[in-house]
Amino acid sequence: MHYFTPKRCASSRKIMYHDKAQAEFAAREAFIERGAELWVYRCDYCSEWHLTHHGPREERLLRGMDRYAASRQGKPRSRKRGFKPRKR
Ligand SMILES: [Zn+2]
């Protein structure tokens, strides 16, 4: 077992990682252990790396689109009578 007391950012109170690889490793562990999807970003205040639940902007946009698509396609409406699947 390894005991290490992580330093925490004075501003965000998040655990500080010295390099990106370390943060990404921690993010992967969190995902494996808790199924938590975390993102790595560089802090403006301490210029170390932190983990966040919020993804990059593009990723969030994509997810928003996914959710939108899912809301439209996720619940299949009862098929109209006489509906014929299109042949390919
Ligand atoms: Zn910070």
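This is a predicted model: local features need pLDDT of at least 70, side-chain atom pairs count only at pLDDT 80 or more; totals for chains, interfaces and linings use all residues.
Before I turn to the model, one term: contact, which is what packing rests on here, means heavy atoms within 4.5 Å. Residues are numbered from 1 along each chain as its sequence is written, and side-chain values use heavy atoms, with hydrogens and water left out.

The expected span of a helix is 1.5 Å times one less than its number of residues, so the 15 residues of helix 1 should span 21 Å, which agrees with the 21 Å between its end C-alpha atoms.

Within helix 1, A23, A26, A27 and A30 are buried, where buried means under 20% relative accessible area, exposed over 50% and partly exposed in between, with a 1.4 Å probe and protein chains only. These buried residues fall within an arc of 100 degrees seen down the axis, so they line one face of the helix, the arc being taken from the directions from the helix axis to the C-beta atoms. On the other side of helix 1, A21, R28 and I32 are exposed.

Against what do the buried residues of helix 1 pack? They pack against strand 1 and strand 2. The largest nonpolar core has nine residues, Y17, A23, A26, A27, A30, A36, L38, W49 and L51; such a core is a set of buried Ala, Val, Leu, Ile, Met, Phe, Trp, Tyr and Cys residues joined through side-chain atoms within 4.5 Å. Helix 1 gives the largest share of this core, four residues.

Now the zinc ion, which is coordinated by C9 (SG), C43 (SG), C46 (SG) and H50 (NE2) at 2.1 to 2.4 Å. Donors are N, O and S atoms within 2.8 Å of the metal, or 3.2 Å for Na, K and Ca, and since water is not among the atoms, sites may look incomplete. The four donor atoms subtend angles of 101 to 124 degrees, which makes the arrangement tetrahedral, a label that requires all angles to lie between 85 and 135 degrees. In sequence, the donor residues are spaced C-x33-C-x2-C-x3-H. C9, finally, counts as buried because its relative accessibility is 2%.

Terms used
Four donors count as tetrahedral if all angles lie between 85 and 135 degrees; four count as square planar and six as octahedral if opposite donors are over 155 degrees apart and all others between 65 and 115; anything else is irregular. Helices (H or I, at least four residues) and strands (E, at least two) are DSSP runs, numbered from the N terminus.
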